[in-house]
Amino acid sequence: MPKREEMARNRWLAPIAHRFGRSELWRFTRRSVPRGAALGLFAAFIIPLGQIFLAAFLALPARANVPVAAAITFVTNPFTVPFWLVVANRVGRFTLKVDPDTMGSAKAALEQGWWTEFGWWLQTAGVTAFGFVVLSVVTAALGYLVSSFLWRFVVARRWGRRPGRRQVIRTAE
């Protein structure tokens with residue numbers, strides 16, 4: 001995971017490096033962590049390369065946690081890309097209801113001329129790209145909700161384990 005100093009020294013981030021030095025972007029709070037998770041998941045699926053930088057750039061105006069946003073982008077890595085390609089293709093097909101029999105005039109146009117070689121590839125790539133857009137939006141929303149719930153659960157559990165808190169509860173009973 002990139003550290004604050006490493007990001008400040010990066011030549012690509014030099015024009016805005018002073019903004020990455022703000023401590024509010026590196027604190028783990030109940031609002032910044034879910035924002036970072038959502039932005040990290042969004043960047044992981046929306047763009048195949050440079051997703052860490054995209055997540056970090058998006059975290060600046062959103063005041064999200066930069067380390068969480070950068071770390072969550074690793075959900076898409078070279079080992080998991082084939083899996084996510086298949087998932088994105090199926091999500092795109094399901095969302096767009098693409099069926100070879102219902103293509104109609106678009107299928108006829110693709111079967112004529114030099115498009116015949118690229119027709120299948122164009123159809124598959126378009127559906128997969130749309131599937132990635134759907135995945136980025138849905139996983140960002142789910143990531144925000146799940147991380148917010150987990151944050152509250154962990155904090156509530158820690159508060160329940162505090163010695164002073166147990167004594168107050170016991171005396172009230």
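**Before you start**

This is a predicted model, in which local features need pLDDT of at least 70, side-chain atom pairs count only at pLDDT 80 or more, and totals for chains, interfaces and linings use all residues. Residues are numbered from 1 along each chain as its sequence is written, and side-chain values use heavy atoms, with hydrogens and water left out.

**Stop 1: the whole chain**

Colour by secondary structure. The chain has nine helices and zero strands. Helices (H or I, at least four residues) and strands (E, at least two) are DSSP runs, numbered from the N terminus. Of the 173 residues, 29% count as buried. Buried means under 20% relative accessible area, exposed means over 50%, and partly exposed is in between (1.4 Å probe, protein chains only).

**Stop 2: two annotated spans**

Select residues 37-60 and then 129-155; UniProt places the feature "transmembrane region" at both, in an unreviewed entry. UniProt positions are given in the numbering used here, feature names are shortened, and annotations may be inferred rather than shown by experiment. Residues 37-60 are 83% helix and 0% strand, and their end C-alpha atoms are 14 Å apart. Residues 129-155 are 100% helix and 0% strand, with end C-alpha atoms 38 Å apart.

**Stop 3**

Select proline 67, in helix α5 (residues 66-72). Is proline 67 buried or exposed? Proline 67 counts as buried because its relative accessible area is 8%.

Next, select alanine 88 in helix α6 (residues 81-96). With a relative accessible area of 0%, alanine 88 is buried. Threonine 128 is 40 residues from alanine 88 in sequence, yet 5.2 Å away in space, C-alpha to C-alpha.

**Stop 4: a positive patch**

Show the side chains of Arg30, Arg31, Arg63 and Arg152, which form a positive surface patch. Patches are made of residues with over 30% relative accessible area and no salt bridge; like charges are joined within 9 Å, nonpolar side chains (Val, Leu, Ile, Met, Phe, Trp, Tyr) within 5 Å. A salt bridge is a side-chain nitrogen of Lys or Arg within 4 Å of a carboxyl oxygen of Asp or Glu.

Arginine 30 is in the loop between α2 (17-20) and α3 (32-46), and is partly exposed at 43% relative accessibility. Arginine 63 is in the loop between α4 (51-62) and α5. Its relative accessible area is 48%, so arginine 63 is partly exposed. Phi of arginine 63 is near 55°, a positive value in a residue other than glycine.

**Stop 5: a nonpolar patch**

Finally, select Val146, Phe149, Leu150, Phe153 and Val154, a nonpolar surface patch with about 480 Å² of accessible area together. Leucine 150 lies in helix α8 (residues 115-161) and, at 45% relative accessibility, counts as partly exposed.

Conventions
Accessible areas come from the Shrake-Rupley method with a 1.4 Å probe; for residues, only the protein chains shown count as cover. Lys and Arg count as positive and Asp and Glu as negative; His and the chain ends are not counted. The place of a charge is taken as NZ of Lys, CZ of Arg, CG of Asp or CD of Glu.
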